[in-house]
Amino acid sequence: MKSAIALAAAISLIATGCSSPSKDGAQEAPAANGGGGKKTEAQKVKLTMGSWRTEDKEVYEKIIKAFNKTNPDIEIEFKPTKNTEYNTVLNTALQTGSGPDIIHLRPYAAGIALADAKYLEPLDSVKGLEAIPKEAKMAATGKDGKVYGVPTVYSSTQIFYNKKLFKKFNLSEPKTWDELMKAADTLKQNKIAPFAFGSKEGWILSLTHGALGPQFYGGTEFVNNLLAGKTNFKSKEFTDSITMLQGLTNYFPENYTGLGMDDMRNLFVTEQAGMIVMGDWEIAVMKKMNPDLDLDLFPVPPVKADGKASVTNWVDGSFAVNAASKNKEAAMKFIEFMTTKEFGKMVADDLKKPSTIPGVESFDPLVAKMIQLAAANSTPYAMVVHFSAGNPTTKATLETALQGMFLGKEKPDTVTDVVQKSADSWFKPAAK
């Protein structure tokens with residue numbers, strides 16, 4: 001979901017001390033058995049935790065408090081950076097031997113590159129990591145086969161819709177693509193933007209294509225053929241998926257080329273748009289902005305009546321330990337906490353995202369519904385899982401080309417041309 005990484009954070013030093021003042025100002029004496037008195041503020045280990053998820057600050061602070069119940073001597077500061085700046089700032093910090101103690105890794109190629117560059121500590125010995133599915137751990141497994149990040153959440157893209165507006169205009173969850181287009185027509189006729197959408201931010205474009213495109217290029221089967229070298233991005237199927245996006249412009253808001261994520265979110269939560277193609281991480285954000293929003297979701301409906309709906313999913317981020325951290329032992333304790341069901345439950349209930357911890361369920365009906373839909377209708381987000389390498393990445397190349405298409409500078413077949421050229425520069429199909 002998404003483009004470049006960025007993060008500005010520095011490692012806090014441990015300040016040490018032998019004693020601390022009591023309430024009346026006197027120094028607290030060491031215990032007779034040789035143990036110290038109460039732990040002082042100066043004796044606490046202080047860690048920084050970097051991320052691009054500025055929206056999740058409140059939840060991660062709650063998670064840290066839960067961790068501190070059994071680890072009161074470890075102080076963790078969650079210091080997120082704007083998502084579009086995270087990659088640059090993090091890489092710069094790591095190259096100078098600094099950076100946060102605990103690092104939120106972008107999934108797959110970006111995070112793996114940091115592991116291969118020796119910026120991260122291997123986590124294979126972390127207790128609890130063995131319970132997480134191997135497929136999830138692949139998002140942060142280095143070329144040496146070691147795991148460098150504990151995956152915490154699955155992400156999925158689907159279509160969120162406003163139940164109040166759907167009810168007002170006698171619409172139901174579409175079961176086919178034709179029904180989806182009819183719902184969009186009805187919303188437009190009633191002066192409601194069918195889709196909250198903007199092409200200003202590139203990651204929105206690859207995300208939207210990653211969600212809707214599988215219904216046109218053939219989903220998982222196409223991706224497997226792509227990886228095997230049996231087809232490529234210039235195929236009719238993939239070109240059709242780009243043409244589909246171009247055809248949706250009639251259902252986008254006015255001046256959509258100048259709209260970013262904040263604008264899209266505002267259109268949807270203020271009920272000026274009936275639907276939004278988006279990742280599950282937005283549930284908590286949108287609900288916080290408008291607690292009265294009557295929100296629901298459905299999978300992307302099939303083009304053919306006898307086809308299968310789809311939900312695009314992937315592991316969205318893992319947490320790692322900075323190899324340059326002066327407090328790796330303390331950081332590892334928090335990483336171990338992230339493998340527990342207690343943490344997984346907070347992910348599901350507070351972040352409102354499916355957890356990677358087996359057996360964790362959510363009381364939130366939307367999260368529960370997403371988990372159920374993903375289990376039955378899952379297809380990979382190919383641009384993140386398989387094509388987020390290259391310089392620029394093939395994912396970023398697609399995003400730039402799609403921006404050009406929406407500005408009228410590119411056609412679907414020229415988009416697929418540049419995407420294939422990007423893939424050819426680094427990707428070697430399994431069959432070759």
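Glu-61 is partly exposed, with a relative accessible area of 34% (buried means under 20%, exposed over 50% and partly exposed in between, with a 1.4 Å probe and protein chains only). The model is predicted, and local features need pLDDT of at least 70, side-chain atom pairs count only at pLDDT 80 or more, and totals for chains, interfaces and linings use all residues. Residues are numbered from 1 along each chain as its sequence is written, and side-chain values use heavy atoms, with hydrogens and water left out.

In total, 18 salt bridges are found in the structure (a side-chain nitrogen of Lys or Arg within 4 Å of a carboxyl oxygen of Asp or Glu). One of these joins the side chains of Lys-57 and Glu-61, with an N to O distance of 2.5 Å. Both residues belong to helix α1 (residues 57-68), where Lys-57 and Glu-61 are four residues apart, about one turn of the helix. Helices (H or I, at least four residues) and strands (E, at least two) are DSSP runs, numbered from the N terminus. Lys-57 is also partly exposed, its relative accessible area being 34%.

A further salt bridge is formed by Lys-328 and Glu-121, whose closest N and O atoms lie 3.4 Å apart. This pair connects distant parts of the chain, 207 residues apart: Lys-328 is in helix α13 (residues 328-337), whereas Glu-121 is in the loop between α3 (109-116) and α4 (134-137). Lys-328 counts as partly exposed at 29% relative accessibility, and Glu-121 counts as partly exposed at 21%.

Glu-271 and Lys-164 also form a salt bridge, with 3.5 Å between the closest N and O atoms. Because Glu-271 lies in the loop between α11 (261-269) and β7 (273-279) and Lys-164 in helix α5 (residues 163-168), the pair ties together parts that are 107 residues apart in sequence. The relative accessible area of Glu-271 is 21%, and this residue is partly exposed.

Two or more lining residues of the largest pocket come from each of α3, α4, β9 (311-315) and α16 (382-385). The greatest contribution to this lining is that of α3, with four residues.
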